[in-house]
Amino acid sequence: MTTDDGMRAVIDKLGSTPGETLTPERVEAIQTAMHEELGRFINTTSYFVLGSYAEEERPRLEAVRDHLASEVQHSSTDEEVEAFLMDEILDISEFFTSKFKLLASYADNIVGVYEHSKGGHAWEAGYIDQPTYRDRTRAFYRSYDTEEEEYAAYDAMFAHYLLSMERVDRANTWTDPDDLLEEVRAAYVDQ
């Protein structure tokens, strides 16, 4: 399959979901964005960093992104590294879930940084909990001092997702931002 055939297949899938209709202008804009933006995945090792974009949590996602971009790059002299957040790439915002699915499909590594289960990142975690993505996914989740705090942070469904990731050795816990970056380093840089 050529790149154009592959892109056409992706675009066809975008417009096939009920409620998603693509005008010819929108198809052209998506094709342009895919050529310009997704080309960065060729000859690179990519890290798609997920989690809450809330004001308090986003700085930790950015720190993980920056840490991966600099530390993994320095540890590997022969490969380019691309670490990114969802809102930094491929502007097809009216098809938000489709954009997420595209980026998850293209990324070499999916890095979940979790502090709670309130928000869209809980849906994202559910989506990437499929066999297609599981081997490329690692969850870094915040642990709390007490069981009550832990229950308040993670609902039952999300807690079971984290437990399932632990069972396949794809989860790491952290308590403060310094711990988080050390866990990321241990998982991706010191391996």
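1. **Ground rules.** This is a predicted model, with local features needing pLDDT of at least 70, side-chain atom pairs counting only at pLDDT 80 or more, and totals for chains, interfaces and linings using all residues. Numbering starts from 1 along each chain as its sequence is written, and side-chain values use heavy atoms, with hydrogens and water left out.

2. **The sheet.** Five strands form an open sheet in the order E2-E1-E3-E4-E5, with parallel pairing; two strands pair if DSSP finds at least two bridges between them. Strand labels are DSSP E runs of at least two residues, helix labels are H or I runs of at least four, and both are numbered from the N terminus. At the edges sit E2 (80–85) and E5 (171–174), each pairing on one side only. Direction ignored, neighbouring strands are turned by 20° against each other on average.

3. **Bridges.** E1 (residues 44–51) runs parallel to E3 (residues 109–114), and five bridges join them. Phe 48 has Ile 110 in E3 as its bridge partner. E3 and E4 are also parallel and joined by five bridges, with Tyr 114 standing opposite Tyr 141 in E4. Between E4 and E5, again parallel, there are four bridges; here Phe 140 is partnered by Asn 172 of E5.

4. **E4 and its cover.** How enclosed is E4 by the rest of the structure? Largely, because five of its six residues are buried (under 20% relative accessible area, using a 1.4 Å probe and protein chains only). Helix H9 (residues 177–189) lies across E1, E3, E4 and E5, running at about 160° to E4. Angles here run from 0 to 180 degrees between N-to-C directions, and axes are lines fitted to C-alpha atoms, for helices over the stretch in contact.

5. **H4 against H5.** The axes of H4 (residues 96–106) and H5 (residues 120–128) come within 11 Å and cross at roughly 45°. H4 contributes Thr 97, Phe 100, Lys 101 and Ala 104 to the contact, and H5 contributes Trp 123, Glu 124, Tyr 127 and Ile 128; contact means heavy atoms within 4.5 Å. By class, that contact has five nonpolar, one polar and two charged residues (nonpolar: Ala, Val, Leu, Ile, Met, Phe, Trp, Tyr, Cys and Pro; charged: Asp, Glu, Lys and Arg; polar: the others, Gly among them).

How values were computed:
Buried < 20%, exposed > 50% of the residue type's maximum accessible area, 1.4 Å probe, protein only.
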